[in-house]
Amino acid sequence: MSRLIVVSNRVAPITEGEPTAGGLAAGVMDALRQKGGRWFGWSGHVVPDIVTPPLPVVEQRAGPISLYTTDLNQRDYDDYYRGFSNGTLWPVFHYQTDLARFDWTEFEGYRRVNRHFAECLSGFMAPQDVVWVHDYHLLCLAEALRERGARNRIGLFLHTPFPAPAVMMNIPAHAELLTAMCQYDLIGFQTEADRLAFSDYLVREMGASSLPDGVLSVGGRSIRTGVYPIGVHVDMLRAEAEAAAECPQLQALRASLGQRALIMSVDRLDYSKGLPQRFSAYERFLAENPSWHGGVEFAQIAVPSRSDVQAYQEIRRQLEGEAGRINGRFAELDWTPLRYLNRSFARRELMPLFATAQVGLVTPLRDGMNLVAKEYVAAQDPAAPGVLVLSRFAGAARELDAALLVNPHDEKAMADALARALSMSVEERRERHAAMMAVMRLNSLERWRDRFEADLRQPAALDSAA
């Protein structure tokens, strides 16, 4: 069988115990660790512009995985990563159009790095290899590979949401982007709503024909689309939670909590995660439920992210100020209602913390999936599980509808959900947890990987007939 080559903006840390870099890295690493393959992406290093291109590709081995990385120069980093990827695509794809900017120079830098990735791949990619590309950084990669003569099966999985056509068209280069995406053979989405948004754009704006089985015919090509909700290793996560149940860090947390209930959130420090709204909802909960004063604590872990981008610097300052203000309003000498931690934790450290929390609070304004929600559920003790409070705008809400679903813009509803979660009977908690676990076992990480790879290797009907 032909080899599988995975391509993403970054390649995850390969040292055991290091924190992962989010859902994409965790999902891809776990998937490749089982079957092996090649993974290519940016090294994370930025070199001066005076370094003469092309920049070399470095190979490493990590068990059954071959890792290939390349550096970026400062100009490419500024245009491709800080500029178009995170200054334009990320806010628009998360419906934060007021935070988006556009510059044609940055868009050209984005395409230039996609071409650089294609050039690097050409150095070790065989004609029969199957290429699985990940996320919004590389929407133009298939086009760049086709320009170099590649006839491989190339698929794209989008971990973020895909916006409705009217939102997508806020990007002046929307037509160029969607034309480039049509060079993929298979495009996978987290939810049906995302797939329909993409299909709607192609039909309305590019004259595509919609065929059976999610196939779109446009410009003489057939593109298969599908929904592949990314999952987690439920048994492995629960085992991690149990294995570290008596670690010193967790014992210290339990000692400091005493008999208090714990509400817990873990997010990248990002404006799409709804952190200010979450803090406001918790403040309202405390104001409306004085009986819980001294009886509950909220721990928010906000992992630093894109610290050289102004919008991220601003939200960090905002959250630090809000955490201090809320504690100043409600804290007692023996009680700090809000713990705000701006640092990373390895996954094996988080699982026992999740298992300890009576409430998992996951309320992004918009999210492709959000694996933290699934990790929280998987870590719980089935005999006495906690309650997941989940934004209905996270992709995970399509599967985990037994959670308490909330609108993150509705402060009162979120405060009420916290009160309900903290007082929920163990019987109802078990019933809700069992329902979510059943769905998560069905849509496992292995199934996500195997379904996408199988569909990518299978030509669409239109291709077969050609």
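## Around Trp335

Let's start with a tryptophan: not counting residues up to four places away in sequence, Trp335 touches Arg260, Leu286, Trp292, His293, Gly294, Val296, Glu297 and Phe330; contact here means heavy atoms within 4.5 Å. This is a predicted model, in which local features need pLDDT of at least 70 and side-chain atom pairs count only at pLDDT 80 or more, while totals for chains, interfaces and linings use all residues. Residues are numbered from 1 along each chain as its sequence is written, and side-chain values use heavy atoms, with hydrogens and water left out.

Trp335 sits in the loop between helix H11 (310-330) and strand E13 (338-341). Helices (H or I, at least four residues) and strands (E, at least two) are DSSP runs, numbered from the N terminus. With 2% relative accessibility, Trp335 is buried (under 20% relative accessible area, using a 1.4 Å probe and protein chains only). A polar atom of its side chain lies 2.8 Å from the backbone oxygen of Val296. His293 is 42 residues away from Trp335 along the chain, yet their C-alpha atoms are separated by 8.4 Å.

## Around Lys374

Now for a lysine: is Lys374 buried or exposed? Lys374 is buried, at a relative accessible area of 1%. This residue belongs to helix H13 (residues 371-379), and a polar atom of its side chain lies 2.7 Å from the backbone oxygen of Ile230. Beyond neighbours within four places in sequence, the contacts of Lys374 include Gly231, Val232, Glu399 and Asn443.

## Confidence

The protein chain has a mean pLDDT of 92, and 94% of its residues reach 70 or more; pLDDT is the predictor's confidence in each residue, from 0 to 100. Over residues 15-21, the pLDDT is below 50.

Note on methods:
Buried < 20%, exposed > 50% of the residue type's maximum accessible area, 1.4 Å probe, protein only. Polar contact = N/O pair within 3.5 Å; in protein donor to acceptor, adjacent residues only side chain to side chain.
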